[in-house]
Amino acid sequence: MDLDAGKTDLVSREFLAVVLAGFGNGLVPLTSDYGDEPCPKSLLPVANRPLLEYVFSWLEQSGIKDVLLICPARHRSSIYHHIHSDVSSLSLRVDIQTFDESEDSPEGTCNLLRQISNRITEDFVLVPCDFMPPPSLPLSALLNKFRIDAMAEGSLATTCWFAPKKQEKGTVIEEWGPSSGTTSIIWDPITGTLLHVDSPDDVDRNSEEISLKMSLLNKYPHTKLSANLEDSHVYVCRRLVLDLLREKPHMDSLKEEFLPWLCKIQYRQSKRRKYAEVLNGSEPHLSQHISLEHSSLLNKHCVVDEEGQLVLADGDLEDSDVDPRISLKIGIVVHNKEDEPAVRVNTIHSFYEVNRRASTWAFLGLPSDPKDRALIDQKSQISKDSIIGESTQWKTGEAKLDGCILGKSTQVGRKAELVRCVTQAGYEVAANDVVKGEKLEVSDWTANLESGNEDDSDSDSTD
């Protein structure tokens with residue numbers, strides 16, 4: 001395994017994969033520290049396999065070789081150990097870059113990209129560590145969309161959106177916190193162009209209407225409004241995107257601020273003129289003369305000259321100071337297959353659902369190692385939609401669990417009953433306890449112990 005990011009290949013690489021592995025605040029208490037030991041979101045298990053392994057496999061299958069992994073400094077040791085362990089089947093070259101931040105005030109994606117921009121010298125693929133695509137959505141589909149757009153009319157970025165699996169009635173547990181939300185977007189299905197992303201500011205100004213310019217609708221008469229799609233947070237980007245990002249230092253959220261702005265720069269000439277210096281400073285993707293000349297999808301505002309370059313048609317886009325070969329298209333790939341849904345494992349709900357789904361192909365949810373299986377009483381009644389972690393000891397009649405997620409090293413006392421509960425790593429459930437619909441954190445448990453000790457002390461002094 002070669003983790004030396006400084007090594008140069010004989011053939012220059014086309015894309016660098018940038019994997020974001022943050023704290024995972026939406027998965028607390030599963031991502032809360034276990035004593036002094038962190039529990040990184042990227043290493044949470046799905047079917048007893050860390051999330052990071054699914055992302056790495058997706059990257060490998062696309063032909064990508066190099067990864068820049070961004071994680072909190074305190075998570076580096078755990079992630080580095082996993083990458084070097086025998087468990088990982090990794091053949092990628094991974095460079096781990098850390099950042100210092102607190103779990104209470106995490107930095108936004110925009111700021112992280114600004115910090116590491118000097119490490120990215122080519123086009124890149126931004127991938128969250130929690131995205132689990134189905135086999136019908138290979139990363140190569142996004143890369144090819146980006147390549148085709150770049151050769152046809154240029155492209156700034158290609159995004160991926162998916163329809164989340166519909167939750168069955170009564171399966172959402174309010175005590176576990178909110179589920180992932182969808183976003184209203186406007187896109188052109190014919191050219192695969194993302195035209196508008198509803199931002200929080202748009203919603204605040206008018207939550208019931210979306211305003212669009214007539215010129216945009218004239219250019220894209222077959223636009224489609226979708227309000228049931230979720231952003232995968234997978235973006236294939238030109239290096240130029242980082243230059244534009246530095247022009248907007250106040251923006252923190254990539255999805256809520258920068259992406260909506262990036263969509264608008266496609267068709268607003270005032271924005272093109274304002275950032276012409278940055279846009280023209282980038283080497284344009286060169287087009288292909290023959291294919292472009294006969295393409296029905298060619299941008300109507302451009303024609304092809306004798307050298308195969310895109311130039312502005314007379315009378316169109318007047319007063320533009322941007323090199324006509326620079327296209328600012330934001331592409332979109334939409335995955336909408338109910339039988340093979342994609343998922344972002346960024347909430348407890350999605351973590352529970354994806355593991356329940358995965359249990360059907362994970363050795364009926366039991367550990368694969370015979371030594372670990374021997375720790376489970378053969379008379380135990382375990383439902384088929386359960387997944388038992390490695391080194392788990394289970395005896396018949398000890399406790400009753402229904403719809404629960406237990407963090408590692410959780411101990412459940414005899415005759416205890418847990419219904420739809422989530423526990424932090426290392427939590428101890430007392431014997432005969434009955435708990436329903438709770439997030440059980442170690443801080444609560446230790447507080448109860450301290451409270452109990454104080455009560456004992458008071459009674460002793462009274463006697």
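How much space lies in the second largest pocket? In this predicted model, the figure is about 870 Å³. The lining of that pocket comprises 34 residues, and K41, E107, T109, H233 and R344 lie nearest its centre.

Of its 463 residues, 47% are buried.

Let me now turn to the salt bridges, of which the whole structure contains 15. R147 pairs with E14, with 2.9 Å between the closest N and O atoms. Because R147 lies in helix α4 and E14 in the segment before β1, this pair ties together parts 133 residues apart in sequence. R147 is partly exposed, at 28% relative accessible area, and E14 is also partly exposed, at 41%.

A second bridge joins R93 and D66 at 2.7 Å. Here R93 belongs to strand β5 and D66 to strand β4, 27 residues apart. R93 counts as buried at 17% relative accessibility, as does D66 at 6%. Both residues also belong to a network of salt bridges with R13 and E122.

Finally, K329 and D149 meet at 3.1 Å, N to O. K329 lies in the loop between β13 and β14 and D149 in helix α4, so the pair ties together parts 180 residues apart in sequence. Both K329 and D149 are buried.

Definitions and conventions: Residues are numbered from 1 along each chain as its sequence is written. This is a predicted model: local features need pLDDT of at least 70, side-chain atom pairs count only at pLDDT 80 or more; totals for chains, interfaces and linings use all residues. Side-chain values use heavy atoms; hydrogens and water are left out. Buried means under 20% relative accessible area, exposed over 50%, partly exposed in between (1.4 Å probe, protein chains only). On a 1 Å grid over the protein atoms alone, a cavity is a set of points where a 1.4 Å probe fits but cannot get out, and a pocket is an open set with protein on both sides within 12 Å along at least five of seven lines; lining residues have an atom within 4 Å of a point. Grid points are joined across faces, edges and corners, and a volume is the space filled by probe spheres set on the points. A salt bridge is a side-chain nitrogen of Lys or Arg within 4 Å of a carboxyl oxygen of Asp or Glu. Helices (H or I, at least four residues) and strands (E, at least two) are DSSP runs, numbered from the N terminus.
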